[in-house]
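Biologist: I am new to this structure and would like to learn how to read it. Could you take me through its features one at a time?

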Amino acid sequence: MSESDAFSIARRFRGFLPVVVDVETAGFNSQTDALLEVAAVTVYMDPAGHLRRRETHAHHVQPFPGAHLDPAALAFTGIDPYHPFRDAR
C-alpha cells in the first residue's frame with residue numbers, strides 16, 4: 001500500500017474513523033418501543049479503495065420496564081428479548 005493510499009480514508013472521512021452502527025428494535029417509536037440490540041462495525045479502506053469490515057462489537061439490550069414489544073417486529077428480527085441465553089445487560 002502506498003503512502004497516499006494509507007491516507008485516503010482519512011481524507012475521505014475528514015479524519016474521522018468510519019463506523020457503521022446497526023440497531024434492532026421492537027418497533028419504530030423510540031419513546032415506547034424497546035431497543036433490543038446494538039452493533040458497531042469499524043471499517044478500513046483496502047488498496048482498491050473499497051471499505052472492508054474490521055471489528056464488530058455487538059451487545060444485547062434489556063428492554064426498559066414497560067417497553068412496548070411489537071410482535072411483528074420481534075417476528076421480523078427473530079429476537080426473543082427474554083431468551084435465557086441472550087445475556088442482555
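Modeller: A residue is called buried under 20% relative accessible area, exposed over 50%, and partly exposed in between (1.4 Å probe, protein chains only). At 39% relative accessibility, R52 is therefore partly exposed. This is a predicted model, where local features need pLDDT of at least 70, side-chain atom pairs count only at pLDDT 80 or more, and totals for chains, interfaces and linings use all residues. Residues are numbered from 1 along each chain as its sequence is written, and side-chain values use heavy atoms, with hydrogens and water left out.

Biologist: Which elements does the protein have, and in what order do they run?

Modeller: Helices (H or I, at least four residues) and strands (E, at least two) are DSSP runs, numbered from the N terminus. Here there are 2 helices and 3 strands, in the order α-β-β-β-α from the N terminus. Of the 89 residues, 24% are buried.

Biologist: How many salt bridges does a search of the whole structure find?

Modeller: Side chains of opposite charge can pair when their charged atoms come close. The cut-off for a salt bridge is a side-chain nitrogen of Lys or Arg within 4 Å of a carboxyl oxygen of Asp or Glu. The search finds 2. One joins the side chains of E37 and R86, at 4.0 Å from N to O. E37 lies in strand β2 and R86 in the segment after α2, so this pair ties together parts 49 residues apart in sequence. E37 is partly exposed at 23%, whereas R86 is buried at 7%. In the other, D46 meets R52 at 2.9 Å, N to O; D46 counts as buried, at 13% relative accessibility.

Biologist: What is the volume of the largest pocket, and which residues line it?

Modeller: Rolling a probe the size of a water molecule over the atoms shows where empty space is left. On a 1 Å grid over the protein atoms alone, a pocket is an open set of points where a 1.4 Å probe fits, with protein on both sides within 12 Å along at least five of seven lines; lining residues have an atom within 4 Å of a point. A volume is the space filled by probe spheres set on the points, which are joined across faces, edges and corners. The largest pocket has a volume of about 160 Å³, and its lining includes V23, F28, D70 and F76. Both β1 and α2 (71–77) give two or more residues to this lining, with the largest share, 4 residues, coming from α2.
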